[in-house]
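I opened this model today to look up a few packing details. My notes follow in the order I took them.

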Amino acid sequence: MKFLLMLIVLACPFLATSCDDDKTEAAPKPTFVFVHGTFADESAWQLIKPKLEQAGYSVVAFNLPAHGTDQTPVSKANFELYVSTVVQKINAISGKVVLLGHSMGGMVVTQVAEQIPAKIEKLVYLCAFLPKNGQTLYELASSDTESLLGRSLHPEADGLTASLPPNVLVQVFAVDAPEAIQKEVAKTRPEPLAVFAAKASLTDANFGKIPKYYIKTLKDEGVTPTLQQRMIDGYPGKITKIYTMNTSHSPYWAKPDELVTILKEIN
């Protein structure tokens, strides 16, 4: 009996080592960084952010300059400032991130990826503008003749911003969203115009090497499915995977659970 106990004692360290060798720690889940689009702010992510956090993801969402509660003067709200704001947010995060842009935010995340490719694990375009080198937001948006946005945009007297009628804001951004959200969307701030003229400056060595995913919205009257497909076609073989959602321009409000499922699959 003593001999058997001795064998067990002697074997324990080896058994423990063997057991430890078999254990593999789960890889940490990536951090999502969300960049909102025009006529929007960080509240765009209010339904999906907690769902992702409950699933173990870290999520960083914020207002671009002169959006939401951000008090940056409209006169200073330009493309370069948008990009530098996002770069600063990402550089404050340890490790790589999954960077998602919605609508106009696609222009921003594209340029951010060009500047700091080593920090970007994946790019996700949520019914977002996906420019080629040298293209502007104005060029892409004005080619979208089916969109309600271009023909409804109203320049403000300051010459720096433009607004949309409340009914158009709801039709484009929240027609399939809950009524409470529709009421908030109808009160959205005017949109700074400086970003529309900025050209994307991209290289294959930086932006070109990052995996890209596109989520198309099939009932979109803001960035229409026609334009979305045309932008995707501009990167033949370069989009890792294309998803579709049967929503308007704000799938994060219309179908938050479905969008969360897609994002979890991407990661």
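**Entry 1: Leu64**

I started with Leu64, which sits in the loop between β2 (58–61) and α3. I kept in mind that this is a predicted model. Is Leu64 buried or exposed? I found a relative accessibility of 0%, so Leu64 counts as buried, the cut-off being under 20%.

Next I looked up what Leu64 touches. Leaving out residues up to four places away in sequence, I listed Val35, His36, Asp70, Tyr82, Val86 and Met104. I checked Val35 separately. Leu64 and Val35 are 29 residues apart in sequence, yet their C-alpha atoms are 7.6 Å apart in space.

**Entry 2: α3 against α4**

Two of the Leu64 contacts, Tyr82 and Val86, turn up again in the α3 side of a helix contact. I therefore noted how such a pair is described: by the angle between the axes and the distance between them.

Helix α3 covers residues 79–91 and helix α4 covers residues 105–115. I read an angle of about 60° and axes 9 Å apart. The crossing of α3 past α4 is right-handed.

Which residues of α3 and α4 meet? From α3 I wrote down Phe79, Tyr82, Val83, Val86, Val87 and Ile90. From α4 I wrote down Met107, Val108, Gln111, Val112 and Gln115. I sorted this contact by residue type: nine are nonpolar, two are polar and none is charged.

**Entry 3: aromatic pairs**

How many aromatic pairs does the structure hold? I counted eight. I took two of them in detail.

One is Phe34 with Trp45. Their ring centres are 4.6 Å apart and the planes are at 35°, a tilted pair. Phe34 lies in strand β1 (residues 31–35) and Trp45 in the loop between β1 and α2 (49–54), so the pair ties together parts eleven residues apart in sequence. I found both Phe34 and Trp45 buried.

The other is Tyr252 with Trp253. Here the centres are 5.0 Å apart and the planes are at 80°, so I logged the pair as edge-to-face, the cut-off being over 60 degrees. Tyr252 is buried at 0% relative accessibility. Trp253 is buried as well, with a relative accessible area of 10%.

Last, I followed the ring pairs onward. They link Phe32, Phe34, Trp45, Tyr57, Tyr252 and Trp253 into a cluster.

Note on methods:
Residues are numbered from 1 along each chain as its sequence is written. This is a predicted model: local features need pLDDT of at least 70, side-chain atom pairs count only at pLDDT 80 or more; totals for chains, interfaces and linings use all residues. Side-chain values use heavy atoms; hydrogens and water are left out. Axes are lines fitted to C-alpha atoms, for helices over the stretch in contact, and angles run from 0 to 180 degrees between N-to-C directions. Helices (H or I, at least four residues) and strands (E, at least two) are DSSP runs, numbered from the N terminus. A crossing is left-handed if the near helix is turned anticlockwise from the far one by less than a right angle, and right-handed if clockwise. Contact means heavy atoms within 4.5 Å. Ala, Val, Leu, Ile, Met, Phe, Trp, Tyr, Cys and Pro count as nonpolar, Asp, Glu, Lys and Arg as charged, and the others, Gly among them, as polar. Rings of Phe, Tyr and Trp (its six-membered ring) pair if their centres lie within 6.5 Å; planes under 30 degrees apart count as stacked, over 60 as edge-to-face and the rest as tilted. Buried means under 20% relative accessible area, exposed over 50%, partly exposed in between (1.4 Å probe, protein chains only).
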